[in-house]
Amino acid sequence: MGQNWSPQNMPALSVVLPAYNEQSNLADAVDEVLKHVASVVPDLEIIVVNDGSTDQTQTILAALASRHPEVVAVHQANAGHGQALSNGVRKATGGYLLLLDSDRQVSLEDFAVHWRMMADCDVLLGCRWPRADPLHRMIVSNSLRLLLAAKFGLAAKDANAPYKLLGRQVWHEAFDRMRTGSVIPSALLAARALQRTDIRVLQVSVAYRDRPHGPSSLNLRRLASLCAKAVADIFFFRTSSRGHA
């Protein structure tokens, strides 16, 4: 599947990192991208989307952007992880995307192997292993997996995992079918990629670890609200994707 980009005028890879109140993790998250990703693909941009953080994330991001020319700072009023991810991709100019989170729970040590795999596939979906998140987060992830399987008949092992490597055009084709303001664009991207018959998709295990610093911003109340919106997103996406294999 050919990519519509020219290496003469844009980076090869855009790394997108949503960040909400990640003052304790953000600098190290960028450092890990520079160490494990930029060393493999030097021609890259790191787009960090500050989702209306109330801690020192904005200040830290400004310092990172001034110190590292690869870092592109994007700021938005708090709208949630899904909107931050979508806005980050909207700013991306690379031919390929690496979608991550800024909490450093997914190891990047195998990125070089995954980048080589892209010679034989169009989308690489990370699957977190081993995973030891709180019970309520595991229930949400498993419910999402089962709902996608029921509505699309897809075997997405970990659709919402914050590690996806893909051609930018794959994202846009999926995003055009999503509800405005979707809260689960990453999961719907995985569903659409697996649904298509014209692209090659690999699902690979990625090393998963506890948050190095600070509590997760996702609690039971926020997760309940997100789940209700996610169900609406899935039904809308299913309707818009019918007849488009």
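How many bridges join strand E4 to E6, and in which sense do the two strands run? Five bridges join E4 (residues 96–100) to E6, and the two run antiparallel. The model shown in these views is predicted, so that local features need pLDDT of at least 70 and side-chain atom pairs count only at pLDDT 80 or more, while totals for chains, interfaces and linings use all residues. Residues are numbered from 1 along each chain as its sequence is written, and side-chain values use heavy atoms, with hydrogens and water left out.

View 1. Seven strands form an open sheet of mixed pairing in the order E3-E2-E1-E4-E6-E5-E7, where strands (E, at least two residues) and helices (H or I, at least four) are DSSP runs numbered from the N terminus, and two strands pair if DSSP finds at least two bridges between them. E3 and strand E7 (201–207) stand at the edges with a single partner strand each, so one side of each is left without a neighbour in the sheet. The twist averages 20° from one strand to the next; axes are lines fitted to C-alpha atoms, for helices over the stretch in contact, and angles run from 0 to 180 degrees between N-to-C directions. E1 and E2 pair in the parallel sense over seven bridges, and leucine 13 has leucine 44 in E2 as its bridge partner.

View 2. In E6 (residues 163–167), five of five residues are buried, buried meaning under 20% relative accessible area, exposed over 50% and partly exposed in between, with a 1.4 Å probe and protein chains only. Tyr163, Leu165 and Gly167 point one way from the strand, whereas Lys164 and Leu166 point the other way.

View 3. H7 lies across E4, E5, E6 and E7, running at about 50° to E6.

**View 4. Aromatic pairs around tyrosine 96.** The structure holds three aromatic pairs, defined for rings of Phe, Tyr and Trp (its six-membered ring) whose centres lie within 6.5 Å, with planes under 30 degrees apart counted as stacked, over 60 as edge-to-face and the rest as tilted. Tyrosine 96 and tryptophan 115 form an edge-to-face pair, 5.5 Å centre to centre with 75° between the planes. This pair links strand E4 to helix H4 (residues 111–117), its two members being 19 residues apart. Tyrosine 96 counts as buried because its relative accessibility is 19%, whereas tryptophan 115, at 22%, counts as partly exposed. Ring pairs link Tyr96, Phe111 and Trp115 into a cluster.

**View 5. The contact of helices H1 and H2.** H1 (residues 26–36) and H2 (residues 57–67) pack at an angle of about 35°, with their axes 10 Å apart. Leu26, Ala27 and Val30 of H1 meet Thr57, Ile60, Leu61 and Leu64 of H2.

Note on methods. Contact means heavy atoms within 4.5 Å.
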